[in-house]
Amino acid sequence: MTRHHVATDKRGFTLLFAMAVLLIMSILSVAIFTLFASNIATEKMQTDAIRAHYVAQSGVDVAFGALLQDNKSLLTNYFDKAVTINVTPLTSQIVLDSGTADIVVSSYIDGTERWVLITSTGSLNASTVTQVSKLSFNIRYPQIKKWE
């Protein structure tokens, strides 16, 4: 009859168990760090998009105000033409504290009426995020606005 010898020394098992626990904790730590870093990057991108939107919106507001100042002289002298005449777009750039707004003021014909289109592209100084705001309004009735 042969006898089998069963090992009863468990000191090596404790070392393997401790290493396995450390490995699992390390993997979880890396996963949590990656998740936090991803969330921070997403939050920064969203914040930059909101700020760029407001820069673009400011560009639209400045252009709209410029067209309506001085008894609408710029609006009527430059854009109030017959529907058969093409009007060259006006371009400008305004610099704000947090970024710039590139503004294009053009016109188009809808039916028998000329409409003015203000397109403003807002970009931040320290980001690649840009946002575009567009406002159209009737040349004869500037209070009638369409946002795109």
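**Exercises on the salt bridges and the sheet**

Lys44, Asp48 and Arg51 are linked in a network of salt bridges, a salt bridge being a side-chain nitrogen of Lys or Arg within 4 Å of a carboxyl oxygen of Asp or Glu. The model is predicted: local features need pLDDT of at least 70, side-chain atom pairs count only at pLDDT 80 or more, and totals for chains, interfaces and linings use all residues. Residues are numbered from 1 along each chain as its sequence is written, and side-chain values use heavy atoms, with hydrogens and water left out.

**Exercise 1.** Describe the salt bridge between Asp48 and Lys44 and the exposure of both residues.

Step 1. The closest N and O atoms of Asp48 and Lys44 are 2.8 Å apart. The rule for salt bridges gives a count of four.

Step 2. Both residues belong to helix H1 (residues 11–79), and because they are four residues apart, about one helical turn separates them. Helices (H or I, at least four residues) and strands (E, at least two) are DSSP runs, numbered from the N terminus.

Step 3. Asp48 has 7% relative accessibility and counts as buried, whereas Lys44, at 45%, is partly exposed. Here buried means under 20% relative accessible area, exposed over 50%, and partly exposed in between (1.4 Å probe, protein chains only).

**Exercise 2.** State the order of the strands in the sheet and identify those at its edges.

Step 1. The open sheet consists of five strands in the order S1-S2-S3-S4-S5, with antiparallel pairing. Two strands pair if DSSP finds at least two bridges between them.

Step 2. S1 (90–95) and S5 stand at the edges; each has a single partner strand, so one side of each is left without a neighbour in the sheet.

Step 3. From one strand to the next, the twist averages 20°. For such angles, axes are lines fitted to C-alpha atoms, for helices over the stretch in contact, and angles run from 0 to 180 degrees between N-to-C directions.

**Exercise 3.** Is Thr119 buried or exposed, and which residues is Thr119 in contact with?

Step 1. Thr119 lies in strand S3. At 16% relative accessibility, this residue is buried.

Step 2. Leaving aside neighbours within four places in sequence, the contacts of Thr119 (heavy atoms within 4.5 Å) are Asp102, Ile103, Val104, Val132, Ser133 and Lys134.

**Exercise 4.** Locate the salt bridges of Asp80 with Arg140 and of Lys146 with Asp110.

Step 1. The closest N and O atoms of Asp80 and Arg140 are 3.9 Å apart. Asp80 lies in the loop between H1 and S1 and Arg140 in the loop between S4 and S5, so this pair ties together parts that are 60 residues apart in sequence.

Step 2. Asp80 is partly exposed at 32% relative accessibility, while Arg140 is exposed at 52%.

Step 3. Lys146 and Asp110 meet in a salt bridge at 3.9 Å, N to O. The pair links distant parts of the chain, with Lys146 in strand S5 and Asp110 in strand S2, 36 residues apart.

Step 4. Lys146 is partly exposed at 34% relative accessible area, and Asp110 is partly exposed at 40%.
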